[in-house]
Amino acid sequence: MRLYQALCNVGSFRTSFDFGAREVAHWFPGHMAKGLKQMRANLKKFKQIGFFLNIIDIPFSGRNPAFQETLDVKPHVLILNKMDLADVSKEQIILKKLKRNGVKNVLFTDCLKQRDDNVKKLVPMVVDIIESNPRFNRDENTNYCLMAIGVPNVGKSSLINSLRRTYLKKGRASRVGGEPGITRAVLTRIQVCERPVIHLLDTPGVLPPKIESVETGMKLALCGTILDHLVGEEIIADYLLYSLNRLGEFSYVEKYGLQEPSDDIQYVLKRIAVKLGKTQRVKAITGVGDITITVPNCSAAAYDLIRAFRKGQLGQVMLD
């Protein structure tokens, strides 16, 4: 009876997310503009750069059209990273849709793994594409220079480090972090392979100066591409809850000890805060004076919920 009631409640959950009167998110600080300028300069400086690795974590919303317009990104491999967070059953659907959009060289990776078999496929794929393209195969020089590009926090530096582990058996060369803006300038060439000799240029993540819609911005924020505080942790958490419910992914119920799925973000955050012992002391004004009370810290709970999603602890979710 309780299961039946829970399923009935799920049927009444939101079918669309109310973004209210929020404006489209903007996040194009100085280091992004500088980074895009440096990318263009390096294309002139390193004439042998004829290939790009476009790393994304959201198949469609996560691509920056500015790369195609300003860097002439051809040829390139589109790398869908962070596949530990994705629903792998949707891979063929994504590949077909990307192919209709003219993207045929696609690779799924999880660069945080110490050993990712798909990373091993990258070098042969790149070499084959370059050698089969007369424009970028003009001489017998087998030393290749590639540029890693993408929006913030998609794993460009992690990919470089993963390639070095795979092909050179060496440690990381690019600094990585769990928030956008770690790489703030185009770095010097980093060798990632010996046979053939391949160098990669790591670059800062660059968002379009204007994100096309509020929902696209919310998806990017959910994946950590936009700094959380610029959007608001509780707003991001609410969109996450809406997305999990819409996709029928209710693993958050067991993780946080809820009785059943919920569409009420304030209820969910309060329960999470209580379970984790996240509280805060606030002043309350009463008729007899000010008193200090202890209440659940919903902001801390929202942060924990978002972090759990980014660590793959709330099931596999494929955002489009």
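**Close-up views of the predicted model**

**Figure 1. Helix H7 and its surroundings.** The buried residues of H7 pack against helix H8 (228-231), H9 and H12. This is a predicted model, in which local features need pLDDT of at least 70 and side-chain atom pairs count only at pLDDT 80 or more, while totals for chains, interfaces and linings use all residues. Residues are numbered from 1 along each chain as its sequence is written, and side-chain values use heavy atoms, with hydrogens and water left out. Helices (H or I, at least four residues) and strands (E, at least two) are DSSP runs, numbered from the N terminus. Buried denotes under 20% relative accessible area, exposed over 50%, and partly exposed the range in between (1.4 Å probe, protein chains only). Because eight of the nine residues of H7 are buried, this helix is largely enclosed by the rest of the structure. The buried set consists of Val214, Thr216, Gly217, Met218, Lys219, Leu220, Ala221 and Leu222. After H7 comes glycine 224, with a positive phi near 85 degrees.

Figure 2. Valine 214 is found in H7 and counts as buried because its relative accessibility is 19%. Apart from neighbours within four places in sequence, alanine 221 is in contact (heavy atoms within 4.5 Å) with Ile226, Asp228, Val231, Ile236 and Arg310. Between alanine 221 and glycine 232, eleven residues apart in sequence, the C-alpha to C-alpha distance is 9.3 Å.

**Figure 3. The largest nonpolar core.** A nonpolar core is a set of buried Ala, Val, Leu, Ile, Met, Phe, Trp, Tyr and Cys residues joined through side-chain atoms within 4.5 Å. In soluble globular proteins, nonpolar side chains tend to be buried together. The largest such core has 34 residues, among which Tyr252, Tyr256, Leu305 and Leu314 touch the most other members. Two or more residues each are contributed by helices H7 (214-222), H9 (233-246), H10 (251-255), H11 (265-276) and H12 (298-310). Setting aside neighbours within four places in sequence, leucine 314 contacts Leu240, Leu244, Glu249, Ser251, Tyr252, Lys255, Tyr256, Leu305, Ala308 and Phe309. A second, separate core comprises 27 residues, including Cys111, Val123, Val126 and Leu163.

Figure 4. A cavity is a set of points, on a 1 Å grid over the protein atoms alone, where a 1.4 Å probe fits but cannot get out; lining residues have an atom within 4 Å of a point. Grid points are joined across faces, edges and corners, and a volume is the space filled by probe spheres set on the points. Two cavities of 30 Å³ or more are found in a search of the whole structure.

**Figure 5. Serine 162 in helix H6.** Serine 162 lies in H6 (residues 156-167). With a relative accessible area of 1%, serine 162 is buried. Beyond neighbours within four places in sequence, the contacts of serine 162 are Cys111 and Val119.

**Figure 6. Two loop sites, proline 196 and asparagine 133.** The peptide bond from arginine 195 to proline 196 is cis, with omega near 0 degrees. Proline 196 occupies the loop between strands E5 (189-193) and E6 (198-201). Asparagine 133 sits in the loop between H5 and strand E4 (144-149) and is partly exposed, at a relative accessible area of 22%. The C-alpha atoms of asparagine 133 and proline 75 are 8.5 Å apart, with 58 residues separating them in sequence.

**Figure 7. The protein chain as context for the close-ups.** The chain contains twelve helices and eight strands. Of its 320 residues, 48% are buried. Among contacts with a separation of 6 or more, 69% involve residues 24 or more positions apart.

Methods:
1 Å grid on protein atoms, 1.4 Å probe; cavity = no way out; pocket = protein on both sides within 12 Å on 5 of 7 lines; lining within 4 Å.
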